[in-house]
Amino acid sequence: MGLLDGYTRAERGVVGFVVLLMLLLTYGLVTGGLGPTYFLYLIGLVGMYVLLSFGLNAQWGYTGLINFSVAAFFGIGAYGTALLSADSSPIAGDMLPVVGLFVGLLVAAIVAVVIGIPTLRLRTDYLAIASLGLAEVIRILVQNQRDYTNGSAGLRGIPGFFEGWPVLETFPQAMPTLIVERLVVTIPFVAEFGLFGFRLGPGFWQGLLNVSLVLVFVGVTYAMLRRVHRSPWGRVLRTIRADEDLAEALGKNTYAFKMQSFVLGSVIMALAGVFYAHLNLYVSPGDFEPINTFYVWIAVILGGSGSNRGAMFGGFVVIAIREGTRFLGDLLPAAFPTLGVPFTDLVVSFPALVENTYATVVSNFASTRLLAVGLIIILVMRFRPEGVLPPQRELIWPAATEGSDPGSEPGARAVSTDGSGANRGGETNE
């Protein structure tokens, strides 16, 4: 029995991708190319995008609501806590971050209800347009209402989330500073390279607290969404997404269910914004940029709409692309690699065009991340239109898969021992 027995081919591929990426990160840590504090910061960013993907998945993946205002609710959560806790806040400030957490989530819920009342009765395409307009309206309001938001200057002086907490507030300063000496490893006649060589100070311990916080947020949100996804409430949402007229014919108040889904997803997005504010210690109107919304959409589509596991995987991939492209250009050779072969022999047609294109891409690699994301989306839509990790397996109660082929595709029916093929309580497909 192997470790991956019971996993589908797609799940094995995801596990392999994650393991490979973790090995690369570990290599960066060991060789000193990646600082431990920055490593924790990356994990925090992944957790934040996972929360945003969870929120959109609760709206689009569960109910079929097209919401292009992800960045708006993210910004509401960030500004909600920053305006109460930052020392540069023009309206309040110096309050406990946990107060800002509840206020940010409450404001997001109220705004979601206010926006949902007129828009959730619209057709899907009109809802998309309305939500896109909402995001821009909120961004422009924050940018121009300087008396209340500091305008384009943003808010600085935001404390860490555990400011004012017993023990945890002083945890980073109370922990000892650890210095890991740099080791020089020499392989005779081959190479000489260094290992380790970093210092674990208050910044590292603060990062460790932040990672613990986001892991708690992600874990609680995932458990809640997984539970509600299988509940009667979740089944109604999936029915609305599949056929709203059928849900109404069954006596369901589809408008009320869509409102609940919209508010739930918006609050989760605001939760990601609260975490971001206390991670970055600075927020600005740039956090409302539409590109943030499209990154989250990409994460959900890539992972598989309606799948919480897919939302986690999508958030992981988005951060891998976003942060990986910052440094990949430095690792590639500046000129087209020819390995000693004349360039014109390698590229017969348009050699200058290929060479110039390669040089442009390498020198501006960070700017080509959208190109990389676009290519991934095209490949996924071509070969996995349902996403990498579709939600069918998540809808099956564990007891329903007992006795079935462990390597079967997600959604396979659990066959009873008498061969009747009856489903034993679990759902199969949407």
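This is a predicted model: local features need pLDDT of at least 70, side-chain atom pairs count only at pLDDT 80 or more; totals for chains, interfaces and linings use all residues.
The largest nonpolar core holds 88 residues, and the members that touch the most others are Met48, Leu51, Phe54, Phe73 and Val283. The greatest contribution to this core comes from helix α11, spanning residues 254–280, which supplies 15 residues. Another core lies apart from it and consists of eight residues, including Leu200, Phe204, Trp205 and Val211. In soluble globular proteins, nonpolar side chains tend to be buried together.

The surroundings of Val283 can be described in detail. With residues up to four places away in sequence left out, Val283 touches Ala78, Tyr79, Ala82, Gly154, Leu155, Ile158, Tyr276 and Ala277. Ser284 is placed in the loop that runs between α11 and α12 (290–303). Ser284 counts as buried because its relative accessibility is 14%, a value under the 20% cut-off.

Of the 16 residues of α3, 16 are buried, so the helix is largely enclosed by the rest of the structure. Ile66 is likewise classed as buried, because its relative accessibility is 17%. Beyond its neighbours within four places in sequence, Ile66 is in contact with Trp60, Thr124, Leu127, Ala128, Ser131 and Trp297. For one of these contacts, the separation is 58 residues in sequence, while the C-alpha atoms of Ile66 and Thr124 are 6.5 Å apart in space.

On the surface, a nonpolar patch is formed by Tyr7, Val15, Val19 and Leu23, which together have about 330 Å² of accessible area. Val19 belongs to helix α1, residues 9–30. With a relative accessibility of 44%, Val19 counts as partly exposed, because that class lies between 20% and 50%.

Four salt bridges are present in the structure. One of them joins Glu136 and Arg139, whose closest N and O atoms are 2.9 Å apart. Both residues belong to helix α5 (residues 124–144), and because they are three residues apart, about one helical turn separates them. An α-helix has 3.6 residues a turn, so residues three or four places apart point the same way. Glu136 is partly exposed at 26% relative accessibility, whereas Arg139 is buried at 16%.

A salt bridge also connects the side chains of Glu244 and Lys258, with an N to O distance of 3.3 Å. Glu244 lies in helix α10 (residues 244–249) and Lys258 in helix α11, so this pair ties together parts that are 14 residues apart in sequence. Glu244 is partly exposed, its relative accessible area being 30%, while Lys258, at 8%, is buried. A further salt bridge is found between Arg384 and Glu386, where the closest N and O atoms are 3.6 Å apart. Arg384 is partly exposed at a relative accessible area of 28%, and Glu386 is partly exposed at 35%.

Notes
Residues are numbered from 1 along each chain as its sequence is written. Side-chain values use heavy atoms; hydrogens and water are left out. Patches are made of residues with over 30% relative accessible area and no salt bridge: like charges are joined within 9 Å, nonpolar side chains (Val, Leu, Ile, Met, Phe, Trp, Tyr) within 5 Å. Accessible areas come from the Shrake-Rupley method with a 1.4 Å probe; for residues, only the protein chains shown count as cover. Helices (H or I, at least four residues) and strands (E, at least two) are DSSP runs, numbered from the N terminus. Buried means under 20% relative accessible area, exposed over 50%, partly exposed in between (1.4 Å probe, protein chains only). A nonpolar core is a set of buried Ala, Val, Leu, Ile, Met, Phe, Trp, Tyr and Cys residues joined through side-chain atoms within 4.5 Å. Contact means heavy atoms within 4.5 Å.
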